[in-house]
Amino acid sequence: MNADAVVLDIDGVLVDVADSYRRAIVESVEHVYDRTIRKEDIQAFKNAGGFNNDWELTYAAALYVLATEEGYRASIDEFTDAIAERGGGLEAAEGVVREAIGARATQRVTDRWDRQQLRDVFQQLYLGSELYRGLEDAEPDLETRGFIHDEPVVLEPEVRDRLLENYDVGVLTGRPAAEAEIALERVGLDEAIPADRRFTMDDWEEGKPHPRALTVLAERFDADAVVFVGDTLDDVRTANNAAEADPDRTYRGAGVLTGGLTGEDGRRAYEREDAAAVLESVNELPDLLE
C-alpha cells in the first residue's frame, strides 16, 4: 500500500482510551442519573455513526437511560440500530426516542436531560481537578485525579520515528485541541506535527465521517495518496468519503483493533465498510506501507 502521507486518529490508535474517555462516558451518566449503560455498550453507539464526539455520545447514553424510565423498551442494540437507520448522531437519537414514546413523554425526558451538567462531570472525571481548572477555567465540584492519566501509549517510539522519517504525518481527531496536545506530547508527536497538520474538534464543525478535514490535510501535504488510520467505522467512512469528494487523489482507510473494535468481529466490521486494511495495531503500519 503506497502513500505519501499518513493521517492518524488519536484515541484507540496512539493511546488506549478504554479506561479514560470510555470510562468517563459511563461514570458521567451514573453520577448524574444514578443509572448508566455498560462500557461495552459504547461501541454500539460508535458503530451507529455520528458519535465521534464523546460528549455527544454521553448525551445519547443519558437520553437512552431517561427514555427507559418513560416506557422505552428497546435494547441498546435496537436503539443504536435505529439511530444508524436515521443517519447516526445525537439528532437521530432524539428522533428515535420521540417517535417511540411520544411528545409528552419526550418532553419529560428532555426536561431532565441536562447536557451541560453531563459535560461538566465528564470533563472533571476525565481531566481531573487540576487540569479541569486550567483548561475549563472553572472550579470543579469533584476532586478527582483524572482518567486522562490512565491512557497507555500504543504507538511504539521506533514506529513513530519510521513514520516521521518516511512520510508526511498529520492528525485528525475528535478531541479538543488542548486534550489532543496532551496525548501527542505523551507519544512524542507534539513537536513533530505542527498545528497546520492537525484537525481537532476545535478546527471543524462537520466531524467524521465528513471528508473535509482529510481532504484539506491532503492538499496541505500536496499528497497523491493518503492513508487514514482510525479505530472506528466512521474513520474508515471518512477516508472512503474523501475518495469520492477528491477523486484526483487516493485515500485509504485502515482500521486498528486496539480501540472498541477488536478480534474477528472487529475485523469483519471494518471489512464490511470497505477498509483498505485492518491492523492489529498502528505499529504494523510501516511494514504495510513499505
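Strand β1 (residues 5-8) pairs with β4 in the parallel sense over four bridges, where strands are DSSP runs of E with at least two residues, numbered from the N terminus, and two strands count as paired if DSSP finds at least two bridges between them. Within this pairing, Val227 of β4 is the bridge partner of Val6. The model is a predicted one, in which local features require pLDDT of at least 70 and side-chain atom pairs count only at pLDDT 80 or more, whereas totals for chains, interfaces and linings use all residues. Residues are numbered from 1 along each chain as its sequence is written, and side-chain values use heavy atoms, with hydrogens and water left out.

Strand β4 (residues 225-230) is also joined to β5, again in the parallel sense, over six bridges. Val226 stands opposite Tyr251 in β5, and the bridge partner of Val229 is Ala254. Six of the six residues of β4 are buried, that is, under 20% relative accessible area, as against over 50% for exposed residues and values in between for partly exposed ones (1.4 Å probe, protein chains only). Both faces of the strand are covered: Ala225, Val227 and Val229 are buried on one side, and Val226, Phe228 and Gly230 on the other. Strand β5 (residues 250-256) is largely enclosed by the rest of the structure, because five of its seven residues are buried.

These pairings belong to an open sheet of six strands in the order β3-β2-β1-β4-β5-β6, with parallel pairing. The edge strands, each of which pairs on one side only, are β3 (198-199) and β6 (277-279). Strand β2 (residues 168-172) runs parallel to β3 and is joined to it by two bridges; here Phe199 of β3 is the bridge partner of Leu172. In general, strands of a sheet pair through backbone hydrogen bonds, either parallel or antiparallel.

Backbone geometry was examined in the loops. A cis peptide bond, with omega of about 10°, joins Lys208 and Pro209, and Pro209 lies in the loop between β3 and α9 (212-221). Asp137, although not a glycine, has a positive phi of about 55°. This residue is placed in the loop between α6 (115-136) and α7 (157-166), and it counts as exposed because its relative accessibility is 71%. A positive phi, of about 65°, is likewise found at Asp274, which is not a glycine. Asp274 is located in the loop between α11 (263-272) and β6 and, at 58% relative accessibility, counts as exposed.

Over the whole chain, there are 12 helices and six strands, helices being DSSP runs of H or I with at least four residues. The radius of gyration of the chain, taken over C-alpha atoms, is 19 Å, which agrees with the value near 19 Å for a compact globule of 290 residues; the globule rule is 2.2 Å times the number of residues to the power 0.38. The C-alpha trace spans about 55 × 40 × 30 Å along its principal axes. Of the 290 residues, 55% are buried. Among contacts (heavy atoms within 4.5 Å) between residues at least 6 apart in sequence, 70% join residues at least 24 apart.
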